[in-house]
Amino acid sequence: MTVQNNNILTDSVIAKEALRLLKNNLVTQKLVYRQYENTFGKVGDAISLKLPFRIKSNSGRVLKKGPMIDKTIPFKIDRQEHIGLEYTMKDMTLDITQFSERYLKSGMVQIANAIDRSILLTLKTAYHSSGTPGTRPSAYIDFANAAAKQTILAVPDDGMRSAVIDPFTCAGLSDQVTKLFDGGMVKGAYKKGYKGPVADYATHETQNLPVHTVGDYGGTPLIAGTIVNGSSITTDGWTANKTGLLKAGDVFTQAGVFSINPQNYDSTGMLQEFVVQADVDSDGAGLATISFLPEMNDGTATTTNADGDSISLAAYQNISALPADNVAITVTGNANTTYEQNYLFHKEAIALAMIDLELPKSATTKARVNDPETGLSLCMTAAYDIIEQTEITRIDAVWGTKLINGDLAMRLWGAARG
């Protein structure tokens, strides 16, 4: 233990400083749901999350009981990122500020970026979208239109909507934001990347947004045959023998299939958007099967309970009608084109869970630090190299992410990349 400039450089102090750096360099972690930490135990753990019940109201005096169906989604702790440090005993005479700048800052910034990017990659499974592929959103109306669409889709407007946008989109908005809002509203903002409110969104800038490259599609794609409720369709009319016809993350619509407002079950008048879940190839006849989200439910979908009874899923209706044979399929964006992606979402759209890594019993130096305010967690272990007289230290972050309510998220298309 070394005392320097009234700072005690211990393993606990180093771990706490690493956590401080992580906390200060995160952007999206602050914007997502964080209540699942206590549900997990260790790396690789998976749980089935129960989604909130949905039930339709009924008119009239006579009681009509609505079925209470447990809908679940899997959630797994499957991400781990660490930094490895090697420093001499002489370096232990540094004060914590010097040590942090020299050894911790660069690595913890990278871990923060890895956590942020994992959240944004998870948001890439969002199916609702707004904007025009190839045109960078740069005006207030671009965000106002997206907000209006989310309102029509019954996304709560309760102060928990966020917009995570790329630096160029942020630059285009800056002038309008300064004109529309009193600088005092954002003067005291302390969150990294926070740029103030725009169209009911708390906007945040980040360089970690993933781009999306649309598949190499071609032909005149159509629905093939009779389609039933679910998350897969058979299609034809594509260019034959095409590998990478569609890519995971591609968005498409089907003619005549409109989205439903989940509160009043009326058609929104907007085509329901679907996101491709896995890369798709076409065969020699131009046929292709597409797996997608959300699952189609025209109000007639059913499930089977433990007793073998058929239970209606009418409360989960999300489309006006199933697609008919030979209706057209339209893919959003041009084939083989890479587009910037921005994301607009409610806090309860996506979840992040961080857990403590199990500390090895044999490690003589070990520390675990948690931040009760944010739920962030880091583990540190170290060993002494007697030959080189160095301390070898690793600091680990362990977490998982999941889109838990896709209806509450939306991508905002941006400019095309060269």
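Asp157 counts as partly exposed because its relative accessibility is 47%, where partly exposed denotes the range between buried (under 20% relative accessible area) and exposed (over 50%), with a 1.4 Å probe and protein chains only. The model is predicted, so local features need pLDDT of at least 70 and side-chain atom pairs count only at pLDDT 80 or more, whereas totals for chains, interfaces and linings use all residues. Residues are numbered from 1 along each chain as its sequence is written, and side-chain values use heavy atoms, with hydrogens and water left out.

Asp157 is placed in the loop between helix H3 (140–152) and strand S7 (161–165), and together with Asp158, Asp200 and Glu348 belongs to a patch of negative charge on the surface. Patches consist of residues with over 30% relative accessible area and no salt bridge, like charges being joined within 9 Å and nonpolar side chains (Val, Leu, Ile, Met, Phe, Trp, Tyr) within 5 Å; a salt bridge is a side-chain nitrogen of Lys or Arg within 4 Å of a carboxyl oxygen of Asp or Glu. A nonpolar surface patch of about 450 Å² is formed by Met89, Tyr384, Ile386 and Ile387, of which Ile386, in the loop between strand S24 (377–385) and strand S25 (390–403), is exposed at 66% relative accessibility.

Nine aromatic pairs were counted, the rings of Phe, Tyr and Trp (its six-membered ring) being paired if their centres lie within 6.5 Å, and classed as stacked with planes under 30 degrees apart, edge-to-face over 60 and tilted otherwise. The pair of Tyr87 and Tyr103 is tilted, since the ring centres are 5.5 Å apart and the planes lie at 55°, and both residues are buried.

Technical notes: Accessible areas come from the Shrake-Rupley method with a 1.4 Å probe; for residues, only the protein chains shown count as cover. Lys and Arg count as positive and Asp and Glu as negative; His and the chain ends are not counted. The place of a charge is taken as NZ of Lys, CZ of Arg, CG of Asp or CD of Glu. Helices (H or I, at least four residues) and strands (E, at least two) are DSSP runs, numbered from the N terminus.
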